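Hi,

Here is the structure I said I would pass on to you. Have a look at it first, and my notes follow below.

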Amino acid sequence: MNDSPHIARKRFGQNFLHERGIIERILRAIDPQPGERIVEIGPGQGALTWPLLDRIKTLTAIEIDRDLIPRLRAEAPRHGELGIVEADVLTVDFTALAAGGTLRLVGNLPYNISSPILFHALDHAAVIRDMHFMLQKEVVDRMAAPHGNKVYGRLSVMLQAYCRVEPLFVVPPGAFTPAPKVDSAIVRLTPKAAADIPVHDRARLEQLVRHGFAQRRKTLRNALDGVASDEQLRAAGIDPGARAEAVAVADWLRLAAT
Ligand code: SAM
């Protein structure tokens, strides 16, 4: 194993958390319990991995950077049983990993691919109990924004359609090495039960939301030209003269169901 210090790789979005107080706060938010199946995305140098493992004794971690794997393997036995999946998280089948149970996902996510990770997790929402992620604060603001807010958009609708989104607290750049340029934030996502989501076609919801927000200043009548008619909008209780920003998540879902 290479003993020299690991040099953070920008292409893997590596900003390692070092601030003890923040790590403790994240652990308190997760409140891990023995017997739970917790999966960490991007363990890095183990800032969250070791305290998690100390408490629950078994954990699965998904890491893409092969240089970090031997370091993780060497340290793990001091804390518990760490299952390491050496892969790009976007290729990991969480449903298979859940093996009939449910997963709790945690991670200080690589910011360059945070949205694809969120959408990938949504594909497996049925087996995910909850998620605690560190993301750029600006992304968390968009995820949690209510309709009418200027940062309400595709990410807000798609996540709020399927999950309860709770921003928990802000983490300043100084908590990481190297320090990112922006504030970060911890968010908790709790997938809704299927019975609580109106029956609809998710691909259709994505299509509507993508077109609706592509040009935010257009009215829905124009933005959704060829995608949804005035009649369909009205049937869903939506004013065709309104903008995407004004449409609540429940109304987008109703439109996707018409
Ligand atoms: N958890 C560590 C911490 O808090 O210090 C590291 C967080 S760092 C922001 C992101 C981690 O995700 C890095 O370890 C990086 O190598 C890993 N990573 C980046 N892209 C990944 C991918 N596609 N699949 C799995 N892990 C990835």
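To get you started: in which strand does Asn-108 lie? Asn-108 is in β5, the strand that covers residues 103-108. Before you read further, please keep in mind that this is a predicted model.

Is it buried or exposed? With a relative accessible area of 14%, Asn-108 is buried, because buried means under 20%. Leaving aside residues up to four places away in sequence, Asn-108 touches Asn-15, Leu-17, Ile-41, Gly-42, Leu-48, Met-134 and Phe-176. With Asn-15 there is also a polar pairing: a polar atom of the Asn-108 side chain lies 3.3 Å from the backbone oxygen of Asn-15.

Now the ligand. There are 23 residues around it, and those that come nearest are Gln-14, Leu-17, Gly-42, Glu-63 and Asn-108.

- Glu-63: an N or O atom of its side chain is 2.5 Å from an oxygen atom of the ligand.
- Leu-17: one of its backbone N or O atoms lies 2.8 Å from a ligand oxygen atom.
- Pro-43: a polar backbone atom is 3.3 Å from a nitrogen atom of the ligand.

How much of the ligand does the protein bury? On its own the ligand exposes 600 Å², and the protein buries 98% of that. The space that the ligand takes up is the largest pocket. Two elements give two or more residues to the shell around the ligand, namely β1 (16-17) and β3 (58-63).

Next, some backbone details. As background, most residues other than glycine have a negative phi, and most peptide bonds are trans. Where does the model depart from that?

Lys-57 is one place: its phi is positive, about 75°, although Lys-57 is not a glycine. You will find Lys-57 in the loop between α2 (49-56) and β3. Its relative accessibility is 44%, so Lys-57 counts as partly exposed.

Ala-99 also has a positive phi, near 45°, and is likewise a residue other than glycine. Ala-99 sits in the loop that runs between α4 (94-98) and β5. Ala-99 is exposed, because its relative accessible area of 56% is over 50%.

Then there is a cis peptide bond, from Thr-177 to Pro-178, with omega near -15°. Pro-178 belongs to the loop between β8 (176-177) and β9.

The Glu-36 side chain reaches the backbone nitrogen of Gln-33 at 2.9 Å. Again not counting residues up to four places away in sequence, Glu-36 touches Asp-31, Ile-56, Arg-104 and Arg-129.

Finally, Ala-193 is in the loop between β9 (184-191) and α8 (202-214). At 43% relative accessibility, Ala-193 is partly exposed. How far is its C-alpha atom from that of Cys-163? The two C-alpha atoms are separated by 8.8 Å, while Ala-193 and Cys-163 are 30 residues apart along the chain.

Cheers

Terms used
Residues numbered from 1 in each chain as written. Predicted model: local features only at pLDDT ≥ 70, side-chain atom pairs only at ≥ 80, totals over all residues. Heavy atoms only, no water. Helix = DSSP H or I, 4+ residues; strand = E, 2+ residues; numbered from the N terminus. Buried < 20%, exposed > 50% of the residue type's maximum accessible area, 1.4 Å probe, protein only. Polar contact = N/O pair within 3.5 Å; in protein donor to acceptor, adjacent residues only side chain to side chain. Contact = heavy atoms within 4.5 Å. Near = heavy atom within 4 Å. Areas by Shrake-Rupley, 256 points an atom, 1.4 Å probe, with all protein chains shown as cover. 1 Å grid on protein atoms, 1.4 Å probe; cavity = no way out; pocket = protein on both sides within 12 Å on 5 of 7 lines; lining within 4 Å. Sits in = over half its atoms within 2 Å of the grid points.
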